[in-house]
Amino acid sequence: MTGLTGTATVTRLIVRRDRVRIVVWVAAIAILVALTAAGVKGVLPTQAALDQAAVASNGNAAAIALNGPAQGLNTVGGEVAFQAGAMGLVVVALMSVLMIGSLTRGEEESGRLELLRSLPVGSHAPTAAATLTVAAMNVAVGAAVTQALLGQQLPLAGSVTFGVSFTLTGLVFTGVALVAAQITENTRVVNGIAGAVLGASFVLRAVGDIGDGTLSWFSPIGWAQKTRPFAGERWWPFLPMLAATGCLVLAAGALGARRDVGAGLVPPRPGPPRASRGLGHPLGLALRLQRGSLIGWSIGLFLTGLAYGSIANSVDSFVRDNKALADVLAPSGGASLTDSYLASSFAILALVGTGFAVQSTLRLRTEETSVRAEPLLATPLSRWRWAMSHLAVAFGGAVVVLVVAGLGVGVGYGFGGGDLGRLPALVGDAVAYAPALWLVVGLTVALVGLAPRAVVLAWAFLAVCLVVGLLGRVLKVPGWLMALSPFQHVPQLPAADLSIMSLAVLTAIAAALTWAGLAGLRRRDIG
């Protein structure tokens, strides 16, 4: 028996078990790119509109920092690469990191790897199977992205280059996550280390693209964008991506041979001799478990809000001669284009922040399926108090991420030439979306309590809201489908007047769904 014995069998087992998650990841990224392409063609339907957008973006440091270098923006393909490139590359990198963390360290933490290794399976087979699975996912993403762009009648060379850049970026971060999985014995730390590398890559790329481009060469995301899809394609930047992937995978294999199963190369730091008082309370424990996620989402939303706010004062010149884009912003009630842009920015940030709300609520299901809830519920702790401790973090955290996003927009707007005195009002405008986030939390609780095997529908509902919110007008989505999204019933502040009634109705629906979910959780079996 060799170290790779059984690799094919373990790979089939992974694909069989995680087939839904694999399909959702691949399809979601491909749909993101396809919808972006359709949106660009709808918003910029003429060459004149493309030319104007290119002029506005070329001199906008904030847009370049957020999206990447301004390349080929006078073409539809170049605009698609500009709008979806950086974000898509980050998403595919996150897919690779989270999948590797789950399939390597997650299996070791749960004890399933020891059971697998008791069979005639080589020592390197589980890691090799995880690597092959995630590599195949990245290849599928690249192929799906290429096909999505070709379906929009974009040039073949640019479409293939764009798709390959997605694949190789995912492979580089697959290697990063594999190395991190050998260093630490905690899945969250693996994701944190790889996430920090991803964050540093994004920052290096952003700073480099604003400057002379030198720092971008130190970032895998920068390497991918140096291939210039739809702007005079270059294939040779793929070489350092392939070399980095190979070196990281080999390093992970060498490090993995030097550690015991379940252990990491760096032993965990011993905790304090006495736990804090907060951990003796279910709310304190829930907050401790979720604080890393809350901090990470808050930082990301603040930086995104900062980028959106910094270009708010230039939106008038950007859309003055672009009728299609002006129609999308659609100022209402005499509102200015700047206020309409700010309202659209808050809607996007709220949709992104809902990702935290769903993730936080689903922590209930994670604690249940990982058998960590049962020891707690074996004590005098009731199911209601246990569930409410996590829901308090979800409901309260939803408000926190909105406040932070509003702060980012307000600070960016103020230092970008606007009135810094509007900061408190802009924060309030962002918080107006809290009832919509609470409704999604309520829906997720209802699924956890009443249909726990269908909790993935919470993410599907958020995906529908994203499509409706971002591209509903461009794609001419039917009105009844638009009305399904709670975000469509939130007043578009600061471009519209505040409507207390609509917010109260959303809050009442959220409360009813939460009550139904808690009632179901109290009546069904745990696990």
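A cavity is a set of points, on a 1 Å grid over the protein atoms alone, where a 1.4 Å probe fits but cannot get out. Grid points are joined across faces, edges and corners, and a volume is the space filled by probe spheres set on the points. This is a predicted model, in which local features need pLDDT of at least 70 and side-chain atom pairs count only at pLDDT 80 or more, whereas totals for chains, interfaces and linings use all residues. Residues are numbered from 1 along each chain as its sequence is written, and side-chain values use heavy atoms, with hydrogens and water left out.

The structure contains 2 cavities of 30 Å³ or more. Two or more lining residues come from each of α5 (76–103), α9 (156–183) and α11 (220–225), where helices are DSSP runs (H or I, at least four residues) numbered from the N terminus. The greatest contribution, 5 residues, is that of α5. By class, this lining has 9 nonpolar, 7 polar and no charged residues. Ala, Val, Leu, Ile, Met, Phe, Trp, Tyr, Cys and Pro count as nonpolar, Asp, Glu, Lys and Arg as charged, and the others, Gly among them, as polar.

The second largest cavity has a volume of about 50 Å³. Among the residues that line it are P282, E367 and W386. Here α13 (282–310) and α19 (383–415) each supply at least two lining residues, and α13 gives the most, with 4. This lining comprises 7 nonpolar, 2 polar and 1 charged residues.

Key: 1 Å grid on protein atoms, 1.4 Å probe; cavity = no way out; pocket = protein on both sides within 12 Å on 5 of 7 lines; lining within 4 Å.
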